[in-house]
Amino acid sequence: MKRQTLRSALATTVLFAATALAWTVAPGQAHAEPECLNSSNDFDMDGVVDIAVGLPGANNGAGAVQVQLSNDGDPTTSIIDAPAGAAGDRFGTAIAEVASAEGEVDQDRCTQLAVGAPGRDVGGNQDAGAVFLFKWDSSADEFVSLNEFTQGSDGVPGQASAGARYGAALAAPHHADDIGPLVTPLFVGAPGYPAAGQEGAGAVTRLEFSTGTEDPTVDDGLLLQQGANGMPGTSEAGDGLGTSLAVTDGGVLMGVPYEDVAGESEADAGGFIRWRANDSGDAKFITQNTANVPGSAEAGDRFGAAIYSARETTPSGGGHYVVVGAPGEAIGSVNNAGMALRFVYDGDLELAKTKAFHQNSTGVVGRPEAGDRFGSSFGSFGLAHLLTGVPGEDIGSIRNAGAVQSLGGGQGWNQDTQGVPGTAEARDRFGATMGNALYGMGSAGEDGWLGDVLVGTTGENDGAGVVIDGLPGGPAPSKPLKSQSPAAGNNFGAAIGKTN
């Protein structure tokens, strides 16, 4: 291990099947010549995806990130501590992988690791937040810091503001068709930002980084808030714009889970915004009161709390799926049971094809129970199956043990499912987060097949946390991925790297 200091009773009524799915997996292949377009999530440039996991509770809340490097078949683990960390920084709350430029522009920047520290104090502003960029230095055998970014400095738009929590969410493109000759943009959420003077209205920044200097700066920064830069809606106190982010088709999907829809009677009903550069004001604000969107905006739904752009799961007729969670949705009289809405995205959202999933839906196992919070996280299982986390699911009499369920596939998993490591225990919250790791990488800069899903179990062992790598039926046996320095409250798995 390298360490561096750098600046529901479901199980009693429903069988959680471990049935093997139909998997088509391409074997991993090494790069003959490293190229940026081939390197998404491949920090050490050996042609195999590496896994980054956040531990925002480590080091008295200063935080850390653990990266499992494939290292040409000899895996190693590197730990990144919060640069000049202080208690409460929460470094590792969000992570993203940024492919900085294509071709021979700068091979050292092929894959950078972006890490959010939303609890960072900046200039006396408590919890203003910061984002850090790192790259893997093979000669030093460690990640090295490239720069720290806070609002109002180094080209980052906005001002460092108390409670903004800049870096609470991160997203960047990971696909060849999204990565051009310029720097890949990084989107950063600041859900507590006082946009238009409204406390907690939230904002998102779009950052493009320089490539010509040793320490990258922001060449182009844009502040996205409701009512400005082509963004629909009005910034209102407590909206929480930027709580969740997902990139698609040159643009970004931004969760606004605390938006009041049609007045206070639908307080915190939530929604999300689809925005792209050069859209000429055609950005869309989607709520459950939008035509063709299932359900209705209701108080406490928190629609938009989780968003996933599932680029590898394609519907018939083209496009790909986007999934948005409403973990506070009441199903009938059952509060906080949760719902997930699946959208088809084919250059834009095809709202007429939207489908809702919950635990009373055909093809979804179990039944709605208070506090299940179905729709809290999302991932892909192979090329055909979308998954959602149900971290509040009770397994028999075991409260909040958590589960993962397929959307329409009729399958579910928990830590009492045969082949899943561990044991279902109270407050484990299996499925609280999810990520993906590519099993193989294709040639010519194209992603290979999605193999493993990574499942965060953030409450395991008094909050030390564990990540389950793979589910039964995958290309390899499911196995636990643990913190190298486990301690209660570290929250290992609070953020997990994604390939889409």
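The largest pocket holds about 1,300 Å³ of space, where a pocket is, on a 1 Å grid over the protein atoms alone, an open set of points where a 1.4 Å probe fits, with protein on both sides within 12 Å along at least five of seven lines, and a volume is the space filled by probe spheres set on the points. Residues are numbered from 1 along each chain as its sequence is written, and side-chain values use heavy atoms, without hydrogens and water.

Lining the pocket are 44 residues (those with an atom within 4 Å of a point), of which T93, T243, A305, T433 and A494 lie nearest its centre. Among the elements that give two or more residues to this lining are β5, β13 (245-248) and β25 (430-438), strands being DSSP runs of E of at least two residues, numbered from the N terminus.

Strand β5 (94-98) is also an edge strand, as is β8 (142-149), of an open four-stranded sheet with the order β5-β6-β7-β8 and antiparallel pairing; two strands pair if DSSP finds at least two bridges between them. Strand β7 (residues 130-137) and β8 pair over seven bridges, and W136 stands opposite F143 in β8.

The average pLDDT is 84, with 82% of the residues scoring at least 70, but pLDDT stays under 50 over residues 102-106 and over residues 439-450. Where pLDDT is low, the predicted coordinates should not be read in detail.

How values were computed
Predicted model: local features only at pLDDT ≥ 70, side-chain atom pairs only at ≥ 80, totals over all residues. pLDDT = per-residue confidence, 0-100. Contact = heavy atoms within 4.5 Å.
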